[in-house]
Amino acid sequence: MSDQDPSAPRGTRILVADDEPHIRRILATFLEGSGFHVKEVRDGAEALEELGGTTPYDLALLDIMMPEHTGLEVLALTRGMTHREGLPVVILTAKGQDAHREAAYRLGADDFLTKPFSPKKLLARIHDLTGSS
């Protein structure tokens, strides 16, 4: 990983939850190339399993439309986990409906990005939310 972003803090871990394999791969490749450690999961149940565990995460990227549990359900349940109290969560969606956006923020999302989104904008938000510069 010689092309790592020097502003990405060592050990910063990001959970990527999306049911589309190609989206997960694109996000993981981009984020790992920017110096982050990425764990990919394919549905809401796997996301909840990861977030309910003890692996430290610095940020979660959750797709809204996933099997088992939607990203909004995962967000709501995560906000009830004491060990994930301050975890930054960014909701990703192909459907930028106002109702989804409002629900995400009401449930405690830190940001809401509509696909396709700018990788540069996503990276800037991750740096803001994880405290890296």
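Mentor: Start with handedness. A crossing is right-handed if the near helix is turned clockwise from the far one by less than a right angle, and left-handed if anticlockwise. In this predicted model, H2 passes H3 in a right-handed crossing. The two helices pack at an angle of about 20°, and their axes are 10 Å apart. Angles under 35 degrees count as roughly parallel, so H2 and H3 are roughly parallel to each other. On the H2 side, the contact is made by Gly 44, Ala 47, Leu 48 and Leu 51. H3 contributes Val 74, Leu 77 and Thr 78.

Now the core. The largest nonpolar core has 22 residues. Leu 51 and Val 74 are among those that touch the most other members, together with Leu 15, Leu 62, Val 89 and Ile 91. H2 (44–52) and H3 (71–79) each supply at least two residues of this core. So do strands E1 (13–17), E3 (59–63) and E4 (89–93), and helix H4 (98–106). Another core, of 15 residues, lies apart from it; Val 38, Leu 61, Val 90 and Leu 123 are among its members.

Take Ile 91 next. Leaving aside neighbours within four places in sequence, Ile 91 contacts Leu 62, Ile 64, Gly 71, Leu 72 and Leu 75, among others. Its list also includes Ala 104, Ala 109, Asp 111, Phe 112 and Leu 113.

Last, confidence. The chain averages a pLDDT of 89, and 91% of the residues score at least 70. Over residues 1–9 the pLDDT is below 50. That stretch still has 21 contacts in the model beyond near neighbours in sequence. Where pLDDT is low, the predicted coordinates should not be read in detail.

Definitions and conventions: Residues numbered from 1 in each chain as written. Predicted model: local features only at pLDDT ≥ 70, side-chain atom pairs only at ≥ 80, totals over all residues. Heavy atoms only, no water. Core = buried A, V, L, I, M, F, W, Y, C linked by side-chain atoms within 4.5 Å. Buried < 20%, exposed > 50% of the residue type's maximum accessible area, 1.4 Å probe, protein only. Helix = DSSP H or I, 4+ residues; strand = E, 2+ residues; numbered from the N terminus. Contact = heavy atoms within 4.5 Å. pLDDT = per-residue confidence, 0-100. Axes fitted to C-alpha atoms, helices over the stretch in contact; angles between N-to-C directions. Parallel < 35°, antiparallel > 145°, perpendicular 65-115°, else oblique.
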